[in-house]
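Visitor: I would like to learn how to read the contacts and the sheet here. Please begin with the terms.

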Amino acid sequence: MAMASTIETKTVLQVEGVRKAFPRPSGGEMTVLENVDMTLKEGEIVGLLGRSGSGKSTLLRIMAGLIEATGGKARFLGEPIDGPAEGIAMVFQTFALFPWLTVLQNVQLGLDALQISSDEAHKRALEAIDLVGLDGFESAYPKELSGGMRQRVGFARALVVHPDLLLMDEPFSALDVLTAETLRTDLLDLWSEGRMPIKSILLVTHNIEEAVLMCDRILLFSSNPGRVIAEIPVDIQRPRNRLDPKFRWLVDSIYERMTMPAKAQAAGARPAFSAGGIDMLLPRVSTNSIAGLIEALAGAPYHGRADLPPLAEHMHMSTDALFSIGETLQLLRFAEIEGGDIRLTETGTRFANEDPHVRKQMFAESLLSYVPLAAHIKRVLDERPAHRAPYARFAEELEDAMSEEWAEQTLRSVINWGRFAEVFAYDENQAMLSLDNPV
Amino acid sequence: MSNISTISVARRERVAPSAWDGIALCLVAGTLALIIYGAQQMNAPLASVSKAQISLSPSALPEYALRTTLRMFAALAASLLFTFTYATAAAKSRRAGAVLIPILDVLQSVPVLGFLSFTVTGFMAIFPGSVAGAECAAIFAIFTAQAWNMAFSFYQSLRTIPEDLDEASRAFRLSAWQRFWRLEVPFAMPALIWNMMMSMSGSWFFIVASEAISVGNTTITLPGIGSYVALAIERRDLTAVFYALGAMLVVILAYDQLLFRPLVAWAQKFRFEQTMGQPTPGVWLLRVLNRARLVQIALVPVHKSFVAVAHAPLSFGRWRWRRSPIQRRWLNIIWGVIWWGLWALVGAYGLHALYVEMAGQIGWAEVFSAFKLGLMTLTRVVVLVGLASLVWVPVGVWIGLRPGLAMRLQLIAQILAAFPANLLFPVAVVGILHFGLNPNIWLSPLMILGTQWYILFNVIAGASAFPTDLQDAAANFRVRGRNWWFKVMLPGVFPYFITGGLTASGGSWNASIVAELVTWGNTRLEANGLGSYIAKATAAGDYPRIILGVMVMAVFVTLFNRLFWRPLHAYAERRLRMI
């Protein structure tokens, strides 16, 4: 059914110029999605690939009718989407199973809104459970199941409504590596055998290999605000092999593209505000991870230079986490990212060889030179007679340029870095930054 | 409701009746017969209930106990209905919540016993000449002791529904009705059941006050444990007081075993933890019902109809009015004007009514003196909660760190909390008279008699939840004595203590109405305070003064909570929560 050959493939989903903005507490609004266009045809698996916070989940929720777009149009089978539509089913990252319902009842929940007879519902639920390979577990409660089995229930609940479109929000990212791979393979098998009662799949993910493995087409998302920066067709024969050179090449090239905007961001290419770049969003990266990555890069087998994908694998890290640390290194000029590679700078190499005391000094130097917010805080504290300033003072300043959560994340990061570098101190009880050395 | 299926899911193949069927049948039939009998009695003409007919003979107690229990459950049913509607409205609509939640907050602070005088007259007017009016007034009084915390708990649960489940229920297009029964009620269930238990415990205190009501010249005595005790106190019959205590204990144990134990065990499955919890505690009633095959079969249709009701979409079709943003903004403004206008009218009418009632009756001097009395009661509450904490925090920690002991004592503490302390008042009166003590000081402890247990069992819960690794670390670094208390244990149990202290102080305010004015036969002991002020005004049927007293007390309780307990609670949440 999925591969039904019609002469003209039908458009299942169409998104035109969709925009989403949230009001900011300090007035104005924050744009999460900007001018997004995309179409989804029958028989396709399309991936939305992007870093966390790039708005791809928001786009998925607009398609699911869970949230409303601020502007633009989203149509499902030609009809405007204005609420959860019949014919669209969703699989959640966190499974979203009702702990008080059994597997069978959870699956039947998908049918509650359809007003079909209870016998028919029972029959369909059993079929769906059978399809995902959970027969025998009908009367089990979710808490008795492993993560992988729970997500199978999630799939069964979505498939039981025989949707035209299946939306998947990072469905494998809460699972361990082995389980995730099994589930992906099983799903792809069902898809290519045409055993699933669905027409198209939309997959949101931040895992590049997963996107290349599963999708016919990948839409690459950039952050701040989220928009589609590239459309990448995946013309690799199924079943795909991760070791296939063509597969590797595609993964590498996507890595490269995804690190490009990050570089631009660090160089200050984002629209700067009057405060002189203090509004740069800082990732939550601990100083331990920074030192750890520098040491790993300096040592064998990398000797100062590494290809990102194998490095992520070697360090058992998600792409996203590695990107965050790598970008921080780049921001502090300890490393440079280029073409999917990361390379230690001279400072970075020196940092790796120094003792903790000197490292602190080097870190402080880099922090004050290259992180405008840190320098700004230091300057304010220097200027004030008591050398103290409340947390809220900086939080409010940041909130003019970013959301409350991001302001908090950014400030927390800079406080942790500043504490490590002993550039300034922070008293959590009074929410007060100061130049004092804590006693 | 398909998830109420622990009992009925286990359909057995053999249908031959078992011995368990006999036991179960007796239980069910007996309960039904008792309910019908009790309900018939409640509809009798008013003339049939007068004080003369209350008998102090112990043989009358079973019937009294039954009728009191029925009243409590009727109130509980009303509280549930209130909870499901009021809290849902408050949680679903921002506009409604902005009005309903502050109202609930104030209602919670208004002394329950202050309500009595207003409601009795109202209900009597609705059912003239029948006991039903008085019954309703009594049930309403118990309801006011039960409903608020249940509604709050349900509201809190609705506000904290996990986001992914909320999205799933919307993505699969459940109607509001389906969502309510399949997501919201199950999610709220564990906390709600716990609050129902607390409510039942709390309401005993008011049974005595609500069954023997006298407002001004009207005196109504409804047959029940409460009026039995009231008569025993009037006749100075200490033996009868003890009989009543016994009956009450039996009732408490019965509903604990027959209702709450099974409910708690059943609610285990609604706990929102995705991991295997502790094994469900064994509950004999569930075992009997599970083994009784005929009962199982009889329950199938009951279960099926539940499922049918809970699954029914009950929505107004798929009709939706596609509104443009401008239309929506205007509609929003129009609804806002109607809504707030309505409340402004209600408020204005209330103020007017208040003015008419109070004008010319109450001068500023009266208000001032009521506030002075409030300060006296406040002093009592603060001192008593402080003293009770000094005693019960160390005891609670000591018990809580010994898991075996904690389990056993936890139950006893809960029974003690249910125990209506007003039954012990006569003993206090006898003591104060005998030793010639000052009632202003020695009546005070009565206020906290019933509420101190909240401090105890919250601290026990806190100490038993205290992480073992922190205990081990403290032992390893030989942290002892003062340091151990102030750096290890007290910060650990502090959030729990706050919850207990808040409940205890609120309860004490309420209790002051009965504790500051105590009678034993013809002897009357009085302590100066807001409680005795309200009690005297109620006895005299002096409405303006009742209103003044109740309002002043509500102000005191609300301010005390806002300025003292809330900040402490916020501090505990921020700094001392174990992650």
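Guide: Two residues are in contact if their C-beta atoms, placed from the backbone, lie within 7 Å. This is a predicted model, in which local features need pLDDT of at least 70, side-chain atom pairs count only at pLDDT 80 or more, and totals for chains, interfaces and linings use all residues. Residues are numbered from 1 along each chain as its sequence is written, while chains are lettered from A and ligands numbered from 1 in the order in which they are written.

Visitor: Which domains does the assignment give for chain A?

Guide: Domain bounds come from an automatic or database domain assignment. For chain A these are domain 1 (11–258) and domain 2 (287–434). Their centres, over C-alpha atoms, are 34 Å apart.

Visitor: How many residues of domain 1 of chain A are in contact with domain 2 of chain A?

Guide: 13 residues of domain 1 contact eleven residues of domain 2 in chain A. Helix 7 (residues 245–266) of chain A supplies the largest share of the domain 1 side, four residues. Helices (H or I, at least four residues) and strands (E, at least two) are DSSP runs, numbered from the N terminus.

Visitor: What is the strand order in the open sheet of three strands of chain A?

Guide: Two strands pair if DSSP finds at least two bridges between them. In chain A the order is 11-13-12, with antiparallel pairing. Strand 11 (305–307) and strand 12 (335–338) of chain A each have a single partner strand, so one side of each lacks a neighbour in the sheet. Three bridges join strand 11 to strand 13 (residues 341–344) of chain A, and A:Asp307 has A:Asp341 as its bridge partner.
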